[in-house]
Amino acid sequence: MATPSATTIALMVLLLVAPAVFAADYPISWTQGTNYDDWDSDKNLVVGDTITFEYGPSHTVNVVDKDTYDNCGSAAISKHSDGSSKIPLVAGTMYFICPEGNHCADGMKLSVEVGDADTPPTPTAPTTPATPATPTTPTPTPPTTTTPPTPTAETPPSKPSTPAGGTGAATSSVNMNFIMIGGSLLLASLFAFLG
């Protein structure tokens, strides 16, 4: 029986790592009093992505069916209570609730639409650009003083605000993707060199 070449092994490693590289993780702060109705409106969730629920000891996360979600019932597909629960997404609509006390009835519930990983995202309708204003010719005015202008301090750009319930982008996952791709390419080069 022939042994696989280094190139074959490197290719197999790349094929195993590739699906994990393209998955995204979406962190969410799972707290009572937060409205999660539009949490996924700016996200393109697909099979293989994950949501990481971060919460305190008075909360849990249950993955439930639609009926349990609508009625804040107790039947659960899966239950999570570790304070930082990473839940993989599957195609279709997924439902999450906090079953503790009246938390679900008070709005601590989330439903998300998860697309198939092979389906491209639905394009949004293009917006009509604003009509440019008609340019005007400035009238020159002679300076009235010879004093040089006083320099002004520039204000640094402000940091974008984070929407309630978590971040809109999965930056830590993106950084990890670059690390995984780089490591895979390094391994592939090493195996090719050795082979």
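**Rings, core and sheet**

Analyst: Start with K109. K109 lies over the face of Y69, 4.4 Å from the ring centre. This is a predicted model.

User: What makes K109 count as lying over the ring of Y69?

Analyst: The distance cut-off is 6 Å from NZ of Lys to the ring centre, with a further limit of 35 degrees from the ring normal. K109 is at 4.4 Å and lies over the face of Y69. K43 is another case: its charged end sits over the ring of W39, 4.4 Å from the centre.

User: Why is Y69 called buried?

Analyst: Buried means under 20% relative accessible area. Y69 has 11%, so Y69 is buried.

User: Where is Y69, and what does Y69 touch?

Analyst: Y69 has its place in helix α2. Leaving out residues up to four places away in sequence, Y69 touches V64, Y95, F96, I97, C104, K109, L110 and S111. Y69 and A105 are 36 residues apart in sequence, and their C-alpha atoms are 9.7 Å apart in space.

User: How many aromatic pairs does a search of the whole structure find?

Analyst: Five.

User: Why is the pair of W30 and Y36 called tilted?

Analyst: Rings pair if their centres lie within 6.5 Å; planes under 30 degrees apart count as stacked, over 60 as edge-to-face and the rest as tilted. W30 and Y36 are 5.1 Å apart, centre to centre. Their planes are 40° apart, so the label is tilted.

User: How do you know whether W30 and Y36 are buried or exposed?

Analyst: The cut-off for buried is under 20%. W30 is at 0% relative accessibility, so W30 counts as buried. Y36 has a relative accessible area of 1%, so Y36 is buried.

User: What kind of pair do Y69 and Y95 form?

Analyst: A tilted one: 5.0 Å centre to centre, with 45° between the planes. Y69 lies in helix α2 (residues 66–71) and Y95 in strand β6, so the pair ties together parts that are 26 residues apart in sequence. Both Y69 and Y95 are buried.

User: Which residues do ring pairs link into a cluster?

Analyst: W30, Y36, F53 and F96.

User: Which residues have the most contacts inside the largest nonpolar core?

Analyst: W30, W39, I51, F53, F96, L110 and V112, in a core of 21 residues. The elements giving two or more residues to this core are β1 (25–29), β2 (50–54), β3 (61–64), β6 (92–97) and β7 (109–114). The largest share, three residues, comes from β7.

User: What does L110 touch?

Analyst: Not counting residues up to four places away in sequence, L110 touches I28, W30, Y36, W39, I51, F53, Y69, M94, Y95 and F96. There is also a second, separate core of five residues, including V64, Y69, I97 and C104.

User: What is the strand order of the open sheet of three strands?

Analyst: The order is β1-β2-β5, with mixed pairing. The twist averages 20° from one strand to the next.

User: Why are β1 and β5 called edge strands?

Analyst: β1 and β5 (84–88) each pair on one side only.

User: What makes β2 and β5 a strand pair?

Analyst: The cut-off is at least two bridges. Five bridges join β2 to β5, so the two strands pair. They run antiparallel. F53 stands opposite S85 in β5.

Definitions and conventions: Residues numbered from 1 in each chain as written. Predicted model: local features only at pLDDT ≥ 70, side-chain atom pairs only at ≥ 80, totals over all residues. Heavy atoms only, no water. Core = buried A, V, L, I, M, F, W, Y, C linked by side-chain atoms within 4.5 Å. Buried < 20%, exposed > 50% of the residue type's maximum accessible area, 1.4 Å probe, protein only. Helix = DSSP H or I, 4+ residues; strand = E, 2+ residues; numbered from the N terminus. Contact = heavy atoms within 4.5 Å. Phe/Tyr/Trp six-rings, centres within 6.5 Å; stacked < 30°, edge-to-face > 60°. Axes fitted to C-alpha atoms, helices over the stretch in contact; angles between N-to-C directions.
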